[in-house]
Amino acid sequence: MAEYLASIFGTEKDKVNCSFYFKIGACRHGDRCSRLHNKPTFSQTIVLLNLYRNPQNTAQTADGSHCHVSDVEVQEHYDNFFEEVFTELQEKYGEIEEMNVCDNLGDHLVGNVYVKFRREEDAERAVAELNNRWFNGQAVHAELSPVTDFRESCCRQYEMGECTRGGFCNFMHLRPISRNLRRQLYGRGPRRSVSLLDPKTSSEHHPRTSA
């Protein structure tokens, strides 16, 4: 029995533990889920919840209507965001193996930034310190994540351009960075320190605008 339970742990056959939380580190049911969300006590991966804001989803005019933001502008905005966050986290906490940002629209996934460090102790320190920071006028919410293999977390149909669920898919839709930026970030060591994330204080005193 023990071997069987171990073999189905975190899968859809597991009636006790939530397979979505195990694979994705997030579940659309949240605390109302009928299955357990086993939060890790140690992990290489952290998640910064709802940190990235896609300007195509948030840009509005004074009358409340949405203003057009081109795909080129969105990619530039996203690359700038990705580079700043990646650079600061690696500079302050340690080498990053992988960083991914969700482009989903569901509340439990929208703007989630997953960062997999090379060392578990770096991830633990990052969580402890980042929960005392602000970004874009909102408090940063960081926690350890059970996600270790992003191939199991991602929507394969989305990667092939065939996902019919759109932004509300419950698997990760990871937004890619430009090829040049990927080569730049993953092919270099730590660089100069930057100050992207404000110390914890009132957002009224530290308003931030997107890069």
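I count a contact when heavy atoms lie within 4.5 Å. With that in hand, I looked up Ile 46, which touches residues including Val 113, Phe 117, Ala 123, Leu 130 and Leu 144, leaving out residues up to four places away in sequence.

Notes on the source: this is a predicted model, where local features need pLDDT of at least 70, side-chain atom pairs count only at pLDDT 80 or more, and totals for chains, interfaces and linings use all residues. Residues are numbered from 1 along each chain as its sequence is written, and side-chain values use heavy atoms, with hydrogens and water left out.

Next I checked the nonpolar core (buried Ala, Val, Leu, Ile, Met, Phe, Trp, Tyr and Cys residues joined through side-chain atoms within 4.5 Å). Buried means under 20% relative accessible area, exposed over 50% and partly exposed in between, with a 1.4 Å probe and protein chains only. The largest core has 30 residues, and Ile 46 and Phe 82 are among those with the most contacts inside it.

Then I turned to rings of Phe, Tyr and Trp (its six-membered ring), which pair if their centres lie within 6.5 Å; planes under 30 degrees apart are stacked, over 60 edge-to-face, the rest tilted. My search of the whole structure gave 8 aromatic pairs. Phe 86 and Tyr 186 have ring centres 5.2 Å apart and planes at 75°, so I logged them as edge-to-face. Phe 86 is buried at 1% relative accessibility, whereas Tyr 186 is partly exposed at 28%. I also found ring pairs linking Tyr 52, Tyr 78, Phe 81, Phe 82, Phe 86, Phe 135 and Tyr 186 into a cluster.
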